[in-house]
Amino acid sequence: MNESTSEFYNVYEVFSKKTDKSPFQHSFSLLAPNADMALIMAKENFFRRETVADIWVVKRENIRGLNQDEREMLKRLDKQYRETKGYGYLKKKWRDYNQEQFTEQHILGGRGDNS
Amino acid sequence: MTQETLKPQEKKALIELLYQLADDDFLLAFRGSEWLGLAPHIEEDVAFSSISQDMMGHANLYYNLLEDLGEGEADRIAHLRSPDQFRNAIILEEVNGPGTYLKEPDYDWAFTVVRNYFYAVHKHIRLDSLRHSSYEPLAEAARKIMTEQYYHLMHWEIWFKQLMTSTDEAILRMTVAIQKVWRDFGGVLTLGPYYEDIVKANFIDDENVMKKRWNNKIEAVLKEVGASYPGEPRMERGNGRNGVHTEDLKQATATLSEVYATNPATGW
């Protein structure tokens with residue numbers, strides 16, 4: 001691509017959602033001179049076979065992303081204490097407890113529901 | 001109206017109309033397909049090819065309606081007729097420019113945008129009327145085609161408006177293309193020699209009504225992009241609805257049917 005072409009065309013990121021209720025997701029990117037053109041190109045380049053409920057196009061240079069250095073801010077220590085997955089054992093505990101109750105009442109001749 | 005309730009005179013008129021609708025889409029879709037690999041950039045190449053495929057599908061729907069009316073197999077209708085049996089408007093058969101898609105194509109993008117945009121506007125008006133056609137199978141086909149036509153019109157309208165408001169070179173090329181298309185676009189806007197029977201049977205609106213809608217729309221768009229309206233489009237090289245055609249149609253049908261004609265009995 002020569003210098004004048006690269007100034008004329010811009011990269012557009014294409015977002016779409018499959019149904020009215022689903023969230024927008026990044027689909028593809030394409031080259032176009034402006035947003036209107038990007039939109040009609042996006043429709044036929046990426047959605048001529050699959051169904052789509054809505055399309056967004058965004059000029060890539062209008063997206064504020066992270067550079068390599070800035071991605072450092074995403075790093076973190078292990079902090080299990082902030083997550084609820086520590087309670088994952090509860091389900092099993094309940095199951096064991098219920099099973100125990102059921103078996104006990106059965107042996108005693110009840111139906112297991114106190115009625 | 002259904003196939004069984006058509007009177008002979010109505011049936012003749014309906015068949016004429018269906019050939020016009022089918023052949024218009026068929027020829028312009030073919031000219032579009034010749035652009036494959038040659039469009040201004042890759043995204044447009046994909047989009048335009050997809051539109052041409054859609055239009056070929058629309059022609060197929062109409063050819064199937066003709067098959068139902070006893071005109072023979074749809075494939076044979078499309079491939080084995082002689083040029084004088086075609087009913088498309090002359091401007092739609094015209095080559096894209098000098099050269100062929102195999103040898104030194106020097107195609108004219110401005111001409112393609114103008115021709116396709118003007119045609120898409122008319123096709124939209126025509127389908128809008130056909131949706132209420134008295135011949136139910138045709139109304140049904142029109143409703144189906146309309147779902148895809150919306151995008152086709154939007155696509156060409158954006159191209160047309162953007163090039164008409166772009167660089168001096170673009171505006172000049174577009175202006176020349178408009179003048180060229182204008183000389184023969186009247187052929188698209190006519191219903192041909194069976195016009196009265198076609199309208200009397202309520203297969204479609206009066207051509208004068210649709211012509212007016214087209215002229216109003218194009219006049220408004222030209223005004224919007226700062227161009228002047230050149231008056232009613234003409235029909236200088238004759239009326240394709242009468243079977244009058246140019247050498248370009250012969251070239252188109254010969255290429256289109258090259259494979260099919262080698263052995264029409266084979267399932268391609």
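Reply: Leaving aside neighbours within four places in sequence, B:Tyr62 touches B:Leu18, B:Leu21, B:Ala22 and B:Ala141; being in contact means that two C-beta atoms, placed from the backbone, lie within 7 Å. This is a predicted model, in which local features need pLDDT of at least 70 and side-chain atom pairs pLDDT 80 or more, while totals for chains, interfaces and linings use all residues. Residues are numbered from 1 along each chain as written, and chains are lettered from A and ligands numbered from 1 in the order written.

B:Tyr62 and B:Val114 have the most contacts inside the largest nonpolar core, which has 80 residues. Such a core joins buried Ala, Val, Leu, Ile, Met, Phe, Trp, Tyr and Cys residues through C-beta atoms within 7 Å; buried means 20 or more other C-beta atoms within 10 Å of a residue's own. Its largest share, 13 residues, comes from helix α5 (residues 109-130) of chain B. Helices here are DSSP runs (H or I) of at least four residues, numbered from the N terminus.

Now for the other chain. In chain B, 11 residues are in contact with 11 residues of chain A. On the chain B side, α2 (42-68) and α6 (136-164) are the elements that give two or more residues. The axes of α2(B) and helix α2 (residues 35-46) of chain A come within 8 Å, crossing at roughly 65°; axes are lines fitted to C-alpha atoms over the stretch in contact, with angles from 0 to 180 degrees between N-to-C directions. A:Ile40, A:Met41, A:Glu44 and A:Asn45 meet B:Glu43, B:Glu44, B:Val46, B:Ala47 and B:Ser50 there.

How values were computed:
A residue is buried if 20 or more other C-beta atoms lie within 10 Å of its own, exposed if 12 or fewer, and partly exposed in between; C-beta atoms are placed from the backbone.
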